[in-house]
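Dear colleague,

I am passing on the structure below, together with some notes on its salt bridges. Please read the notes with the structure open beside them.

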Amino acid sequence: MAAAAATTSSSAAIVSAVSAHITAGRLFAALDTLTPAWSSSPIPSSLYASLLHLATSHRSLSAARRIAAHFAASSYSPSTSRSSVRTFLLNRAIESLAACGSLADARELFDLMPRRDGGSWNAIIYASSRAGNPTEALSLFVDMYSIGVRPNDVTMASVLSCCAECINLCGAQQLHGHISKRDFQSNVILGTALVDVYGKCLLLPQARRAFDGISEPNAISWNVIIRRYLLAGMGDMAVDMFFRMVWAGVRPLVYTVSHAISACRDNNALKEGRCIHTFVLRHGYEHHVHVQSAVVDLYAKCGAIDAAQRLFNLAPVKDMVISTSILSGLASCGRIDDAKRVFEGMEEHNLVSWNAMLTGCIRSMDLTGALHFFQQMRKETKELDAVTLGSVLNACTGMLDIGKGEEVHAFAFKSGFFSYPFLKNALLRMYCKCGCLRSAERLLVFEMGSDRDIYSWNSLISGYERHSMSEAALYALSEMQSEVTPNQSTFSSALAACANIFLLKHGMQIHAYVIRNGYEVDDILRSALVDMYCKCRLLDCAIRVFEAGPSRDVILWNSMIFGCAHSGKGEYGIELFDEMQKQGIKADSATFLGALVSCISEGHVGLGRNYFTWMIDESIIPRMEHYECMIELFGKHGYMAELEEFVDHMPFEPTAAMWLRIFDCCREYGNRKLGERAAKCINDSNPLTHVRYEATPD
């Protein structure tokens with residue numbers, strides 16, 4: 001009796017000591033206080049449960065293993081009446097082992113259980129789902145169902161989550177039917193899980209029906225449906241659901257607000273975005289870093305870059321996310337100097353920030369700066385991606401730097417980035433622009449294979465046209481039609497090829513094909529048609545195409561003005577120039593050049609001089625071609641005094657070709673002083689061919 005009393009007293013003391021350590025959070029002290037597993041001192045089940053809970057909170061796998069081993073090996077062998085308690089504790093041990101990072105231990109314990117109940121199956125299925133092993137979770141669910149164990153709502157939610165991870169639509173639909181039979185549809189956990197799985201499978205109408213079936217959706221339910229709309233590219237619906245959520249009186253999660261703002265950004269919905277920003281300020285979300293970054297990103301991407309920069313400057317903490325957002329916005333709208341200041345102020349740079357700077361430099365035509373940033377990037381980090389290489393290739397294309405482009409090609413091949421179709425297209429475009437058309441052909445035919453698309457063929461056809469291989473361009477057009485359908489850009493390049501070699505019949509066939517197949521004749525295609533007809537001396541057709549509809553595209557107007565000037569219809573070209581001004585279409589350097597050529601053909605010397613002065617007043621810097629036109633205008637029509645004055649006031653010395661034209665005009669119309677000056681300049685530039693001024697007799 002005394003011995004039994006002493007044992008009971010000792011056991012109570014141990015339990016008390018272990019409980020005290022658990023209350024104080026001293027996990028390993030509690031474990032060290034436990035009696036050995038072979039001891040006859042019983043340990044209450046509640047103590048085991050508390051120890052497992054503490055081990056889970058500490059994420060201590062070693063502690064969870066010790067507790068499970070102690071429990072399994074202890075002399076505590078309850079009677080049948082206590083078998084449910086033992087199963088309950090083993091279920092908790094499964095949960096703890098899995099939560100501490102060992103699904104294998106949890107599965108081993110599950111397999112060794114002498115008796116399993118629904119909680120055992122729920123625990124291991126939930127553990128498999130949380131551990132990122134959806135296939136195993138689904139297999140366990142099938143086994144559970146086959147032996148007649150009925151899952152609870154948490155288990156079905158876990159299995160639905162696994163279906164979402166595996167994009168297992170069939171399994172999700174079967175579970176949906178089971179949920180409907182058991183009248184679980186209004187259950188917020190299951191309803192939300194159904195919304196998620198249908199959303200991940202991109203079945204948004206079904207996801208919406210599942211959401212509408214939830215009697216009282218909570219903040220998580222709203223977050224899921226808004227996020228799924230956002231990721232499916234249905235930003236308008238995401239924003240609409242956010243406003244519905246607010247009207248329903250449900251306080252959004254921080255991430256829900258971020259999703260709604262991102263949806264506004266993707267849809268360029270600045271007005272709705274401002275409304276959500278007002279909501280953010282009124283309800284205290286502005287201090288959350290994700291919301292701050294989303295708002296800055298919204299304003300930056302929607303063109304309100306000044307508002308974005310003000311918010312960035314006011315942000316108390318400028319972390320990587322918000323800095324990258326403003327940097328990308330500044331770079332994308334051409335404010336590259338401001339973007340550089342943000343970039344230099346960042347404590348560290350990620351791949352997104354480097355790529356944003358590269359893209360910004362290229363958009364600002366600072367191609368040398370882009371390559372400099374790439375070199376700096378390679379010194380600071382080894383991290384890069386296909387976007388980085390694509391940006392570098394674009395810089396090489398703009399600079400016609402074939403050597404650097406070939407280096408990028410070799411690097412992309414060695415580094416495994418060559419599988420990206422957009423990178424192959426960037427390489428093809430680089431080779432075409434640089435005139436390496438044999439390399440472009442090899443890339444298109446032998447390396448791109450099934451990755452060839454409309455952009456690939458358009459690059460090749462445009463490359464042929466630009467480098468005077470018009471027949472090859474038209475042959476490529478016929479070849480591409482067996483793979484892809486041409487678009488307006490294809491036809492524009494093909495028509496330019498026809499114009500280069502005056503192939504009117506082929507150009508008219510392309511025009512007929514465009515009309516017959518219902519293509520929209522946009523401004524670029526109209527410009528190509530006008531140019532082709534003008535160069536092929538079919539001005540009436542060019543005029544009909546030009547007058548087929550209104551347009552404010554300056555390139556189209558320029559094509560028509562030049563066509564008239566070179567076809568002896570300069571008066572109509574001048575009328576078009578005047579009409580441009582009436583319609584408020586701003587003339588560019590090429591427009592004024594066309595107007596000057598028209599004045600030359602029609603003999604309007606005074607008008608041409610006015611156009612030249614007007615161009616300078618419009619802050620358009622005259623190019624060499626404009627000076628050549630003015631020399632031709634004065635010289636051709638015998639305005640020798642005006643020609644001499646113009647030459648005297650030119651900001652540079654006339655070229656040899658200009659002096660030769662001046663010399664010929666002086667001989668024809670008589671201006672000894674200017675003629676002798678021109679002869680001297682010609683002889684100085686080419687001593688082997690001596691000229692002497694002599695006026696041409698009448």
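**Salt bridges in the model**

A network of salt bridges links Arg265, Asp266, Asp297 and Lys301. Please keep in mind that this is a predicted model, and that the structure holds 27 salt bridges, of which I describe a few here.

Another salt bridge joins the side chains of Glu618 and Lys586, at 3.1 Å from N to O. This pair links distant parts of the chain, 32 residues apart: Glu618 sits in the loop between α36 (605–617) and α37 (624–636), while Lys586 sits in the loop between α34 (570–582) and α35 (589–602). Glu618 has a relative accessible area of 36% and is therefore partly exposed, whereas Lys586, at 57% relative accessibility, counts as exposed.

Finally, the side chains of Arg623 and Glu625 meet in a salt bridge of 3.4 Å, N to O. Here Arg623 is partly exposed, its relative accessible area being 38%, and Glu625 likewise counts as partly exposed, at 34% relative accessibility.

Technical notes: Residues numbered from 1 in each chain as written. Predicted model: local features only at pLDDT ≥ 70, side-chain atom pairs only at ≥ 80, totals over all residues. Heavy atoms only, no water. Salt bridge = Lys/Arg side-chain N within 4 Å of Asp/Glu carboxyl O. Helix = DSSP H or I, 4+ residues; strand = E, 2+ residues; numbered from the N terminus. Buried < 20%, exposed > 50% of the residue type's maximum accessible area, 1.4 Å probe, protein only.
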